[in-house]
Amino acid sequence: MNADSVSINNNNKDNRNKELGLCLSGGGFRASLFHLGALRRLNELNILAQVETISSVSGGSILSAFIAQKMIDKGLTVLDFSDWEKEISKPFRLFTSVDIRTIPFFLFLGTNAIFPGLRIACLKGSYKKRLTSLEIGELPDKPNFIFCAADLTFGVNWEFSKEKIGDYRAGYLKKGKGLDWHVAYAVTASSSFPPIFGPVSVPAKPDDFKKGSYKEKDRNSLISNLKLSDGGVYDNMGIQPVSESHKCILVSNCGAPFDFVTSGNYIRRLLRYTTVITNQAAALRKKLFFSGLYKRWHEGAYWSISQRILKKSDYESSEYKGYPQELVKDVLSKMRTDLDAFTEAEKKILENHGYFAADYGLKKYHSSLIPTTGDESFNVPHPEWYNDNEKIKKALSHSHKRISLKRIFYHLGKKIKKIL
């Protein structure tokens, strides 16, 4: 990770010319559904309508693209939905009911290392058919939707947005270039988690770029072979695109918590190396964000999948709502980060948890954003999945597993029931 690429401009706060930026982390469908609940709460509090930029990664990008499509469909100029459940939550939960991972994985099991474009084409096709048909140039003007990927060639953050496409090393596409690329392509690059998917090739020529900082003799060769991967490889919280330009930054983090484990066998040790490196990068991002808060370089709020009410008295008070510490730590934060079909219970519990976490994060770090006009009422999205911890534990008993016979039979039963 390049130190200059993660720095925050501490010397000139006046450079922050935009008010509110929202960062949606990666984490597969788990993150998408967690953010769905968080944005539901922001919409209720009339905070979402004030957002000028949404920077997203992987699972966050999936939800972000869905919302952008809904804005265009409804002709909205600001993020303000009158019936969140009907317009956003219900149709998006339906999207996460379909497995878009398993068939491409097994279909190209022996060829992905040589021809990664085959699985990528399947993933992009799923997004284009079921998520969004928009081209990048058709995205709403406000907020500015930024989809983040990792540039494997130069090792920096790559951005897809209506304003610019590229990164500071390779450069940014010249005016008009890339706007006819589908948003589905941007989401695919953002969510192509290795080694299951990707890398993704960039369909652009060296002459299409401008202002790239890399000027060496091999520039054209490198630009001609740019490869992109899941944005979480570089910055899983998507903070960088808004870190120096926004006065207030909201971070919704659904990245997997770092577990303490023994070294295990050779394969597990190899995977552990990557996990430790990724955790270090995430810790640095988080440290920079909170340093900015405490030193007043910016304002903001933070919440996460592992968000626990800090005190038992807080949980029991009327001010804070949410799932208890034990349930969050041992069950919710262990749920898989994947793109397979999620059950109704998984979807609704994650949406609840995101809703609770966002409310708690706002109250803890930036309560002044919450209106005091009487319209800040708290409405649990799915009360049937609240206040019954044993029921929730049972429903999520297999949710940590990548492949589960219990879930296979669950979805098979739903299909048979639908046919009958």
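User: How many salt bridges does the structure hold?

Analyst: The structure holds 22 salt bridges. The term means a side-chain nitrogen of Lys or Arg within 4 Å of a carboxyl oxygen of Asp or Glu. This is a predicted model, in which local features need pLDDT of at least 70, side-chain atom pairs count only at pLDDT 80 or more, and totals for chains, interfaces and linings use all residues. Residues are numbered from 1 along each chain as its sequence is written, and side-chain values use heavy atoms, with hydrogens and water left out.

User: What makes Arg40 and Glu85 a salt bridge?

Analyst: Their closest N and O atoms are 2.9 Å apart. The limit is 4 Å, so the pair qualifies. Arg40 sits in helix α2 (residues 28-44) and Glu85 in helix α4 (residues 84-95), 45 residues apart, so this pair links distant parts of the chain. Helices here are DSSP runs of H or I with at least four residues, strands are runs of E with at least two, and both are numbered from the N terminus.

User: Why is Arg40 called buried?

Analyst: Arg40 has a relative accessible area of 11%. Buried means under 20%, exposed means over 50%, and partly exposed lies in between (1.4 Å probe, protein chains only). Arg40 is therefore buried. Glu85, at 23%, counts as partly exposed.

User: Which residues are linked with Arg40 in a network of salt bridges?

Analyst: Arg40, Glu85, Arg93 and Glu351 are linked in that network.

User: How do you know that Glu44 and Arg41 meet in a salt bridge?

Analyst: The N to O distance is 2.8 Å. That is within the cut-off, so the pair counts. Both residues lie in helix α2, 3 residues apart, about one turn of the helix. An α-helix has 3.6 residues a turn, so residues three or four places apart point the same way. Arg41 is buried at 2% relative accessibility, whereas Glu44 is partly exposed at 25%.

User: Why is Asp141 called exposed?

Analyst: Asp141 has a relative accessible area of 67%. Lys162, at 28%, falls in the partly exposed range. The side chains of Asp141 and Lys162 meet in a salt bridge of 2.8 Å, N to O. This pair also joins distant parts of the chain: Asp141 is in the loop between α6 (117-130) and β3 (144-151), and Lys162 is in the loop between β4 (156-160) and β5 (165-167), 21 residues apart.

User: How many disulfides does a search of the whole structure find?

Analyst: The search finds 0 disulfides. A disulfide is a pair of cysteine sulfur atoms within 2.5 Å. For Cys148, the nearest cysteine sulfur is that of Cys23, 8.2 Å away, so Cys148 is in no disulfide. Cys148 is buried, with a relative accessible area of 0%. Cys122 is partly exposed, at 26%.

User: Why is α7 called largely enclosed by the rest of the structure?

Analyst: 9 of the 9 residues of α7 are buried, so the helix is largely enclosed. Among them is Tyr185, with a relative accessible area of 7%. Tyr185 and Val200 are 15 residues apart in sequence and 9.0 Å apart in space, C-alpha to C-alpha.

User: Where is Lys174 found, and why is Lys174 called partly exposed?

Analyst: Lys174 is in the loop between β6 (171-173) and α7 (183-191). Its relative accessibility is 36%, so Lys174 counts as partly exposed.
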